[in-house]
Amino acid sequence: METTQKPKEIIGHLMVLSTIVIYSFNTNFMKILMPEWIGPHGLVLIRCTVMAFGFWIISLFIPANKQQAKPKRKDILMMMLGGLLGIGGNLLLYINGLNITGPVDAFVIRTVQPIIVIALAVLILHADFNRYKAIGIILGLAGTLYVSITPHTGVVKDSFTGDVLIFVASVFNALYLILIKPYTQKFNSIIVMRWMSLAAFILVLPFGLHQALFTSEAPVHIWLELGFVLILATMIAYFLNLKALLYISPFVESVYIYLLPITGAIVSISLGLQKFSWHDPIALVLIIAGFALINKKKKVKVVINKS
């Protein structure tokens with residue numbers, strides 16, 4: 001049993017690692033695209049449109065599986081709620097936040113997500129809560145606040161508002177991970193993505209209709225960056241994240257986000273989008289310390305009866 005489980009877990013880990021590499025470039029490419037070539041709402045709409053059409057077309061070619069149950073109305077509604085939180089709401093908040101803050105800030109704030117997952121598990125699922133978790137959550141939030149209020153350099157307008165939007169997007173994404181896990185095990189991942197992407201498209205349509213794509217002639221590299229965002233980050237990365245939940249838990253998947261500030265910052269600094277600042281690693285240390293405290297296990301006292 002363990003030998004068959006191990007390879008499946010490795011597949012899950014490789015899927016999430018692939019998404020980390022994709023997201024490291026994706027956030028920076030979106031920063032280049034906005035707002036000169038496309039507005040944030042327009043970018044969200046085009047991403048959700050591509051995702052919805054893409055997964056609905058792919059789902060038409062999936063052979064029927066008699067062993068797999070068909071989604072009932074309640075299942076479809078819950079999957080659509082997952083799409084509203086994890087795709088539509090998450091992208092609206094994240095991309096609007098990224099438009100007015102630095103990409104490195106976005107990477108660092110995203111690392112608070114595993115702490116949010118645990119905090120929500122305590123609130124919603126009534127998971128075990130102790131003083132270590134309380135201190136850990138406070139440290140994680142302190143790290144997020146620290147990176148938001150410190151001075152910024154680079155392509156940054158209103159870093160605090162942008163950072164708050166990215167933090168709320170992380171809350172939406174954490175809720176989505178907890179909510180959607182049972183449905184990834186019950187139904188085909190393409191079917192889950194089909195209903196989630198439809199809900200996301202309906203949500204973002206009113207926001208993005210008024211924002212045109214490319215008001216002036218764009219160079220080749222802009223088209224290539226947009227193609228990367230739409231195909232690799234929107235279709236492939238979202239699918240890999242969802243598929244990985246078949247093999248690993250939402251908590252384990254969210255832990256990989258700690259790699260993003262390193263890989264993402266390397267890309268950001270290389271592209272000249274944000275200069276290196278010691279504030280970001282300090283904030284990251286606070287968040288990781290909080291995460292470590294949350295996962296600190298209580299020492300169990302063993303009482304030996306000598307009688």
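Where is Asn28 found? Asn28 lies in helix 1 (residues 2-33). The model is predicted: local features need pLDDT of at least 70, side-chain atom pairs count only at pLDDT 80 or more, and totals for chains, interfaces and linings use all residues. Residues are numbered from 1 along each chain as its sequence is written, and side-chain values use heavy atoms, with hydrogens and water left out.

**View 1. The whole chain.** The chain has 12 helices and zero strands. Helices (H or I, at least four residues) and strands (E, at least two) are DSSP runs, numbered from the N terminus. Of the 307 residues, 51% count as buried. Buried means under 20% relative accessible area, exposed over 50%, and partly exposed in between, with a 1.4 Å probe and protein chains only. The accessible surface comes to about 15,400 Å²; carbon and sulfur atoms hold 71% of this surface. Such areas come from the Shrake-Rupley method with a 1.4 Å probe, and for residues only the protein chains shown count as cover. Among contacts in the chain with a separation of 6 or more, 90% join residues 24 or more positions apart. A contact means heavy atoms within 4.5 Å.

**View 2. Asn28 and its surroundings.** Asn28 counts as buried because its relative accessibility is 0%. Leaving out residues up to four places away in sequence, Asn28 touches Pro103, Phe107, Gly264, Val267, Ser268, Leu271 and Leu273.

View 3. Pro35 sits in the loop between helix 1 and helix 2. The bond from Met34 to Pro35 is cis, with omega near -10°. Most peptide bonds are trans.

**View 4. Helix 3 against helix 8.** Helix 3 (residues 73-99) and helix 8 (residues 189-208) pack at about 50°, with axes 7 Å apart. Axes are lines fitted to C-alpha atoms, for helices over the stretch in contact; angles run from 0 to 180 degrees between N-to-C directions. The two helices are therefore oblique to each other. Angles under 35 degrees count as roughly parallel, over 145 as roughly antiparallel, 65 to 115 as roughly perpendicular, and the rest as oblique. The crossing is right-handed. A crossing is right-handed if the near helix is turned clockwise from the far one by less than a right angle, left-handed if anticlockwise. Helix 3 contributes residues including Gly82, Gly83, Gly88 and Gly89. Helix 8 contributes residues including Trp195, Met196 and Phe207. By class, the contact has 17 nonpolar, five polar and no charged residues. Ala, Val, Leu, Ile, Met, Phe, Trp, Tyr, Cys and Pro count as nonpolar, Asp, Glu, Lys and Arg as charged, and the others, Gly among them, as polar.

**View 5. Helix 2 against helix 9.** The axes of helix 2 (residues 40-59) and helix 9 (residues 220-244) come within 10 Å and cross at roughly 55°. Helix 2 and helix 9 are therefore oblique. Their crossing is right-handed. Among the contact residues are Arg47, Gly54 and Phe55 of helix 2, and Thr234, Tyr238 and Phe239 of helix 9. The contact divides into 13 nonpolar, two polar and one charged.

**View 6. Helix 4 against helix 7.** Helix 4 (residues 103-110) packs on helix 7 (residues 159-186) at an angle of about 35°, with the axes 9 Å apart. Helix 4 passes helix 7 in a right-handed crossing. Helix 4 supplies Asp105, Ala106, Ile109 and Arg110. The residues divide into five nonpolar, three polar and three charged.
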